[in-house]
Amino acid sequence: MKTPSSLNHLVDALRVLPGVGPKSAQRMAYHLLQRDQPGAAALAHALADALARLQHCQRCNTFTEQDLCELCSDPSRDAHQLCVVEMPADLLRMEQTLAFKGYYFVLMGRLSPLDGIGPSDIHFDKLLARAQDGIVEEVILSTNFTVEGEATAHYLAELLRAQGLKVSRIARGLPSGGELEHVDSSTLAQALIERRSL
Ligand code: ZN
C-alpha cells in the first residue's frame, strides 16, 4: 500500500526540526493527525503567523514585529555598552540579572565550522556596523563558554579590536561548557561585573 502523498510531505516537513530523523518525524505526524488535531491546527497557524510577522531587529538582530525591537527603542539604556550574545534566550537571561543597562546584539548562532556555519551566517557584518556607530565604547562578548562560543568570542575580539573598539569577555564564573541559558542570575551578573578586557 502506498502512503498518501500529503502524509509523506508532512513527515518530510517535520524533519527540518533539529535532531528529528525519519522515525520520530513519522511518530510526530501520526500523533498530530490522530491524537491532537486542534494542536496540529494551532501549530500550523502559529508557524504561519510567526513567519509572516517576525523579522530581525534592524539594530540588534533579535526577532521583532517592528523595524526596531522594544529594547532598541528604549532611549534610557546606556548606548556606550554593547553586549553580544548568541541567541534571544541569552538576551533574556542577561536582562534577568538586572546587571546590564546597555544595548545588545544577537548573533542568532555561533561559529561552527564543522556544521558549515561561518562568519557570514552569524551576521558579523551587521555587528561590525552596529559597533561602529561612533557611540559604542565597549563591546562585551557574552557568548557561551562552549568550544564554539569561545571560538566565536575569540574571532569577534580580533575583528572588533582591529576597529579600535574596547572589547571585554564576561568572566568565567560560569562552568566550562556552560550555556548562559542554564546559569543562575547571580552567577551571570557576577560574570558580567568581573568581565575582563580582551
Ligand atoms: Zn533590537
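Visitor: What volume does the largest pocket have?
Guide: This is a predicted model, in which local features need pLDDT of at least 70, side-chain atom pairs count only at pLDDT 80 or more, and totals for chains, interfaces and linings use all residues. Residues are numbered from 1 along each chain as its sequence is written, and side-chain values use heavy atoms, with hydrogens and water left out. A pocket here is an open set of points on a 1 Å grid over the protein atoms alone, where a 1.4 Å probe fits, with protein on both sides within 12 Å along at least five of seven lines; lining residues have an atom within 4 Å of a point. With grid points joined across faces, edges and corners, and volume taken as the space filled by probe spheres set on the points, the largest pocket comes to about 310 Å³.

Visitor: Which element gives the largest share of the lining of the largest pocket?
Guide: The lining includes L10, L14, L32, A40 and L47. Two or more lining residues come from each of α1 (5-14), α2 (22-35) and α3, where helices are DSSP runs of H or I with at least four residues, strands are runs of E with at least two, and both are numbered from the N terminus. The largest share, 4 residues, belongs to α3.

Visitor: How many residues of that lining are nonpolar, polar and charged?
Guide: Ala, Val, Leu, Ile, Met, Phe, Trp, Tyr, Cys and Pro count as nonpolar, Asp, Glu, Lys and Arg as charged, and the others, Gly among them, as polar. On that scheme the lining has no polar residues, no charged ones and 12 nonpolar.

Visitor: Which residue forms a salt bridge with E138?
Guide: A salt bridge is a side-chain nitrogen of Lys or Arg within 4 Å of a carboxyl oxygen of Asp or Glu, and a search of the whole structure finds 8. In the one at E138, the closest N and O atoms are 2.7 Å apart, and the partner is R195. Because E138 is in strand β5 (residues 138-141) and its partner is in the loop between α7 (185-193) and β7 (196-197), the bridge ties together parts 57 residues apart in sequence; that partner is R195.

Visitor: Is E138 buried or exposed?
Guide: Buried means under 20% relative accessible area, exposed over 50%, and partly exposed in between (1.4 Å probe, protein chains only). R195 is partly exposed at 26%. E138 has 8% relative accessibility, so E138 counts as buried.

Visitor: Which residue of β6 stands opposite V139?
Guide: Two strands pair if DSSP finds at least two bridges between them. β5 runs parallel to β3, with 4 bridges, and L82 stands opposite V139. β5 also runs parallel to strand β6 (residues 166-169), again with 4 bridges. The residue of β6 opposite V139 is V167.

Visitor: Which residue forms a salt bridge with E95?
Guide: E95 is in helix α4 (residues 88-96), and its partner, 18 residues apart, is in the loop between β2 and β3. E95 is partly exposed at 23% relative accessibility, whereas R77 is buried at 14%. The closest N and O atoms are 2.8 Å apart, and the partner is R77.
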